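Hi,

Here is the structure I promised to pass on. Have a look at it first, and my notes follow below.

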Amino acid sequence: MGKTPVRMKAVVYALSPFQQKVMPGLWKDLTGKIHHKVSENWISATLLLTPLVGTYSYVQYYKEKEKQEHRY
């Protein structure tokens, strides 16, 4: 069996250095996208944010309490 040459076409994609809109769809209506994701997954968002907010609040309360104890 002989080998037959096969012609292949190469396709090269490149960005122009003059192209200004590299990722226009990423920033378009960003607040709407975030609202949509949170409203779709509000249970997951609540389970993620509640421990973070609770821990932050506790740390702030503890730091303020320490400041008040050293004041007197």
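The accessible surface of the protein comes to about 7900 Å² (Shrake-Rupley method, 1.4 Å probe; for residues, only the protein chains shown count as cover), and 65% of that surface belongs to carbon and sulfur atoms. Please keep in mind that this is a predicted model, where local features need pLDDT of at least 70, side-chain atom pairs count only at pLDDT 80 or more, and totals for chains, interfaces and linings use all residues. Residues are numbered from 1 along each chain as its sequence is written, and side-chain values use heavy atoms, leaving out hydrogens and water.

Of the 72 residues, 1% are buried (under 20% relative accessible area, with exposed over 50% and partly exposed in between; 1.4 Å probe, protein chains only).

On the surface, M23, L26, W27, L30, I34 and V38 form a nonpolar patch with about 590 Å² of accessible area together. Patch members have over 30% relative accessible area and no salt bridge (a Lys or Arg side-chain nitrogen within 4 Å of an Asp or Glu carboxyl oxygen); nonpolar side chains (Val, Leu, Ile, Met, Phe, Trp, Tyr) are joined within 5 Å, like charges within 9 Å. Helices α1 (24-27) and α2 (30-40) each give two or more residues to the patch, and α2 supplies the largest share, three residues. I34 sits in helix α2 and counts as partly exposed because its relative accessibility is 49%.

On confidence, pLDDT (the predictor's confidence in each residue, from 0 to 100) averages 85, and 89% of the residues score at least 70.

Best wishes

Definitions and conventions. Helix = DSSP H or I, 4+ residues; strand = E, 2+ residues; numbered from the N terminus.
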